[in-house]
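My entries follow in the order in which I made them.

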Amino acid sequence: MIEHVFEIDPSASEECLRERVEDLERLKSKAAAAQARATALWRAKRHAAEKAAGVPASKRGRGLASEVALARHEAPATGGRHLGFATALVEEMPYTLAALECGALSEWRATLIVRESACLSVEHRARLDAEMCRDVARLDGWGDKRIAAEAKKIACELDVAAVVDRSAKAAEDRRVTIRPAPDSMTYVTALLPVGQGVAVYASLKRSADTTFDGRSRGQVMADTLVQRVTGRPAEQPVDVTLNVVMADTTLMGDDDAPAWLQGYGPLPSAIARGLTGDAVRDAAAKAMLRRLYRHPGSGQLVAMESQARAFPKGLAAFIDLRDQTCRTPYCDAEIRHRDHAVPRRRGGPTSAGNGLGACAACNYAKEAPGWSVVTSERAGVHHAEFTTPTRATYRSTAPPLPGPPVRKVSRLEGRLSIDLITFDAA
Ligand SMILES: [Zn+2]
């Protein structure tokens, strides 16, 4: 029956194909509802088993959010949202769950309703659930914004103090993030309380209003932002350390293999050469070259050993360069910790082989009972295999270093030297 839905008849009419698209959309919502039920039941069973085993209430369910995320092939950081969504929907919001099940809501729209109800008491949440989704015909034609706005309106009517309180708490989540943009540009995004955000923007706009030098308003605002944050004019090289990894052949202009900028990602060779050239020319900056070696087969950084307890600076830098982001599958978060795959207390060595780059959340999740990580190195590829309490296994491998394809170049007895360039204006 279900299989039939997935077969697409090449001779089908457009009407049939439109119906098939609609059927499949309903099926996705239905699957999301079933996934929520399974997730909520999984959580209940985990908590019951841990209670029976004498685990204190405050420690029950540790690491489960990461397990849910891995099972969904998503970043562990999203696990808490999926787990909270499933629990709220199944245990407290029957009408929203039913609307998801019948296809009146997508998973994301149901998530928006759960999110807007999160600050309410159980009783108020039940009322929001009924008002919002008892009559699913109401939801017809509503987009994401309308859904979120209607749910927020009901939440405000039920308990305006709780909604205001939550806005105050949201300020605790203020942060600055970075992500790549096309054409070797980047977005630096600040999430700020509304007053501060508007003030930042207005202040940049004021500089644009008072500067007339041929630059566009957007250019003046961007340059002013850079100058005020870094303390140096936008056209001067930066005064913080940038780690650029590139092949020596790329540095010399012999090839155009992409470089890699720590904290950003792949960088076209010409821009990487420009950055390093700026550092060399700038009298205030100190350009430093450090030589790394990559494996002739896999292209990965080769291993180092250390006996020290904490990961020493050089080894930590090595792991950061090798792993680039948190090594948990599907997690692309920035590395915050150099983690022992086999913990120190169980005899795990402080070594590149046993070391893993991890974000804070994944490092913490992995400490929960029933988790284990085994690392291995085969043909120059660093593997990590994560086993969760339900005996699911997930694998991750470190990415290769930049440079031209390895098989084309062999020197230094089969090892290609890569220059790691750090420049630092101290
Ligand atoms: Zn992570």
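Entry 1, cavity. I looked up which elements line the largest cavity, and found that S8 and H15 each supply at least two residues of the lining. Helices (H or I, at least four residues) and strands (E, at least two) are DSSP runs, numbered from the N terminus. The model is predicted, so I note that local features need pLDDT of at least 70 and side-chain atom pairs pLDDT 80 or more, while totals for chains, interfaces and linings use all residues. Residues are numbered from 1 along each chain as its sequence is written, and side-chain values use heavy atoms, with hydrogens and water left out.

I found one cavity of 30 Å³ or more in the structure. The volume of the largest cavity is about 80 Å³. Its lining comprises 14 residues, and Thr328, Cys362, Asn363, Lys366 and Phe386 are the closest to the centre. On a 1 Å grid over the protein atoms alone, a cavity is a set of points where a 1.4 Å probe fits but cannot get out; a pocket is an open set with protein on both sides within 12 Å along at least five of seven lines; lining residues have an atom within 4 Å of a point. Grid points are joined across faces, edges and corners, and a volume is the space filled by probe spheres set on the points.

Cysteine 326, in the loop between helix H14 (313-323) and strand S7 (337-340), and cysteine 359, in the loop between strand S8 (355-358) and helix H15 (360-365), are 33 residues apart and link distant parts of the chain. I found both cysteine 326 and cysteine 359 buried (under 20% relative accessible area, 1.4 Å probe, protein chains only).

I recorded arginine 62 over the face of tyrosine 364, 4.8 Å from the ring centre. Arginine 134 lies over the face of tyrosine 95, at 5.5 Å. The criterion is NZ of Lys or CZ of Arg within 6 Å of the ring centre and within 35 degrees of the ring normal.

Conventions:
Buried means under 20% relative accessible area, exposed over 50%, partly exposed in between (1.4 Å probe, protein chains only).
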